[in-house]
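Trainee: I would like to learn how to read a helix in a model of this kind. Could we begin with a single detail and widen the view from there?

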Amino acid sequence: MNTCPGCAKNFEHTGYAHHLTQTINPSCATQLQFSGLFPESDDGDSDGLDGGDAEFTGDYFGYYDEQDLEWPDDNHDELPLESDGEDEEYHDTALEHGWERPADPVQQDIDGGDDFENSDNSDALSQPHPAERQEAEAPLGHQPIVEKFPRRHAGAPVHHSRTTAFESYKNVLQGAENVWAPFVSRIDYEVAKWAKLRGSGSTAFSELLAIDGLREALGLSYQNSCELNQIIDRQLPCKRPRFKHEEIIVADEAFDVYSRDVMECVKALYSDPEFSPHLNYAPERHYADADKTIRMYHDIHTGKWWWSTQATWILLAYLPTSKLDHITNKAARRRTATNLFHACLRHILEPLKVPGEDGVAMASGDGVVRRGHPIVACYSADYPEQLLTTGIKSGECPKCDVPHKELGSPHFPVNLRDLNAILAALSLVDEDYDLWRRACQECGIKPVFKPFWLDLPHTNIFQSITPDVLHQLYQGIIKHLIEWIKEACSEAEIDARCRRLPPNHNIRLFLKGISHLSRVSGTEHNQICRFLLGIVIGIQLPGNLNNGRLTRAIRGILDFLYLAQYPSHTDQTLVLLDDALTRFHDNKDIFLDLGIRSNFNLPKLHSFRHYVHMIKMYGTTDNYNTEYTERLHIDLTKDAYRATNHKDEYSQMTLWLERREKMLWHDNFVKWCLVGDLASRERSPPDMDYRRAIKMTKHPTVKRVPLDHIVQDYGATFFTAALARYVVGRNQPGLSAAQLEREAAHIILPFDAVATFHRIKFHAIDARGFRDSSVTVDSVHSQPSQKDKRGHTIPARFDTVLVNEGNGGITGVDGYHVAQVRVIFTLTSQATNLLFAAGPVKPPTHLAYVEWFTPFQQPESHHGLYKICRLMRHGERLASIIDVLDIRRSVHLFPNFGAVVPREWTSSTVLELCPSFFVNSFSDRHAYLTIV
């Protein structure tokens, strides 16, 4: 039992920890740092700065949680603090007004210091002009000029089998005349699919079916999980290879390995009809211009590697996870773990050698047979596994020969590691042990016994190591950068700024700040990156050092981060990627001057130099993102383990996975039976996600709001006057401003209330015009303060938006204006007919009252963001009525905090109290692409 000194309440140990982290009582909060409940811990994925041999603790032994990462293209209706739930809304309000550390005293000017931000206006260090970025990005997402591979036999069909994969499956399936076979009905099949793909454990499912009368009412053909498993095991054809259990002998000890035949896995993926429309059988060169001078890169077949040499996922094996604790010598344990890893992969990949060299005939899902050469092309892994795979020492680059002391240099000449020399050194292992060790040392690698890639055809493992956005950026340099910022600036000030950011659909509000976070996940680093630049603009640095260099360095890294994740690139956008990295290197010495760093010899920072080359070789980074494999580690390992009884788990895990794969394959077969083959579509580069569609609810949130409440509750001070001007402008579009004002004075509104909506939703539209209505990619809130069921006040929220003034383009801010939405409303059909009877065009259904900000000018030179403030006339905010369809998207604004943020500001009031703002172009990828 623990007693809290702050409130004198008693708690169990876990309850005490929760109390200290969630309390808003200042007396309790001060106990957190003295509690000893949260010791400092490392995340196990360091850059290896000690230069020694680091024990491997990365993907191989894996330790990932569901909250650590999301699917890269996951879209959630709202980020965590954007819930519509009343409990969370109240919790947010309590945090917003809770205790926080007092501000540090403002430092006085020091003579001889580096001056403030406005002292450095060097053009050489400023942001690139927006027009340059727009011109470079203009071809992205458009249909390219395609140059086919000149050798006509590359990827050409050998022959055509008479049946497709689905037809072959149907021929094997018993009772295929019933579309739901081997299940008796649609409900019988749907319940089985739910149980295996979405349902709870087998025991819970059996108990569910045991409810009296349930099975009979649904007409199910199975009574429990065991009978369902028998149907799947005996009656559904197996389209994926089965796992086999083998033993690998390393250091006179046997280790269990559960694996599949790698060639059968390749054939299974290749023959899957779901992938047939998306397969590319020969390389292509894509160009952004008719003269074929600007290359375009996206999928791997557009890269240079496939052209000169001529993704989907499947679990290949469960490798041994023994930590080898019985080996007491650390060096021996590390060598054994390394040899075990390579011995397992060498055994698993052995079947690739002959077909990789000679080729093998394989049928795709559409029945066409082609000759292919399965080879290891790319290897995606985090830094520890890259070292384990290549045999390179910790603290060095696994790809090139850069010395450790030059890792931080952007210009030091580097070359890909000499594969031939390394292969020659490794081949000496069976001849002379001492000579082998010396030869490996001379080549810069560890003496690894027969690495798995040693004899694989057409494989250069050092070339195959790909960029890793998750670990090199989010969990690498971004993590370091956040720590440097917290060390350079007052943590109290950083947290205070985080607490006072205005809400937005794409921004997670850390209302307790970020300084207390530990073991931060990649997803959380992603969320912090969206506002990181805004919380350092203008912040005071020790000794009054130049804040401009700090903001330029951060802007450079953020530009690199966002550009590196583009799903399509050209030679010109890759120049932008290089330029972003150069801007960071040009300004990174601010961290040396602050005493935070003594050098930048970080392997993850050095890895950025390889991004442009690797994108040109293998396509964009989404082709080899470790977020996919680590998410699958959860789906195919942790979920599989939870489905076992934790005894002899691997045999149960493989059986669970095989049944799951059978149901997934059968589900695609059922869809094919119901719909048939889908029509082939012209391929185009990946969608750049420019277009959005507005979705309004069928019925208003509040059916009748009196006009005086519109003014009082929504803050729409000039609602009636603005609506009158809008009516005149729609009915008589050619009037001058003075004429419009005179005519508006005679408008009498034939109503005293309007129906209001509190939210606008946006759905994405892809390049083919398909609209996914199931995912809300953006939203705009416009709602007054209200009381929840407990009587707690939920603050008002009026979001800011980007409004198209009529001539706005796909990208850029020309023709756009920022405004704050106060009221979203609609008029009755009777009122519409009375007000707009004389107008040439029927008015829109949904309207919005907005308050304007000043027009876009040139972006600030240091951080590249646009500065705006309220647009005023005679001391009042300028407001208008606009068509909701003119709203392009929501816009997040960074308050101009100055040196120290005023403590009277809060997240819900900052838009009203702050005099000026910066437009956030990092809130999401769509904002980065459009607000240029």
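Trainee: Why is helix α14 described as largely enclosed by the rest of the structure?

Mentor: Counting as buried any residue under 20% relative accessible area, we find that 8 of the 8 residues of α14, which covers residues 383-390, are buried, and the helix is therefore largely enclosed. Among them are Tyr383, Pro384 and Leu387, and the buried residues pack against α12 (330-349), α17 (461-464), α18 (469-488) and α24 (603-607).

Trainee: How should I describe a pair of helices, and what are the values for α29 and α30?

Mentor: Two packed helices are described by the angle between their axes and the distance between the axes. Here the axes of α29 (residues 719-731) and α30 (residues 737-744) come within 9 Å and cross at roughly 115 degrees, and the crossing is right-handed. Ala724, Arg725, Val728 and Gly729 of α29 meet Leu740, Glu741, Glu743 and Ala744 of α30, a set that divides into 4 nonpolar, 1 polar and 3 charged residues.

Trainee: What pLDDT does the protein average?

Mentor: This is a predicted model, and the protein averages a pLDDT of 86, with 86% of the residues scoring at least 70. Over residues 36-91, however, the pLDDT is below 50, although this stretch has 148 contacts in the model beyond near neighbours in sequence. Where pLDDT is low, the predicted coordinates should not be read in detail.

How values were computed:
Residues numbered from 1 in each chain as written. Predicted model: local features only at pLDDT ≥ 70, side-chain atom pairs only at ≥ 80, totals over all residues. Heavy atoms only, no water. pLDDT = per-residue confidence, 0-100. Contact = heavy atoms within 4.5 Å. Buried < 20%, exposed > 50% of the residue type's maximum accessible area, 1.4 Å probe, protein only. Helix = DSSP H or I, 4+ residues; strand = E, 2+ residues; numbered from the N terminus. Axes fitted to C-alpha atoms, helices over the stretch in contact; angles between N-to-C directions. Left-handed = near helix turned anticlockwise from the far one by under 90°. Nonpolar A, V, L, I, M, F, W, Y, C, P; charged D, E, K, R; others polar.
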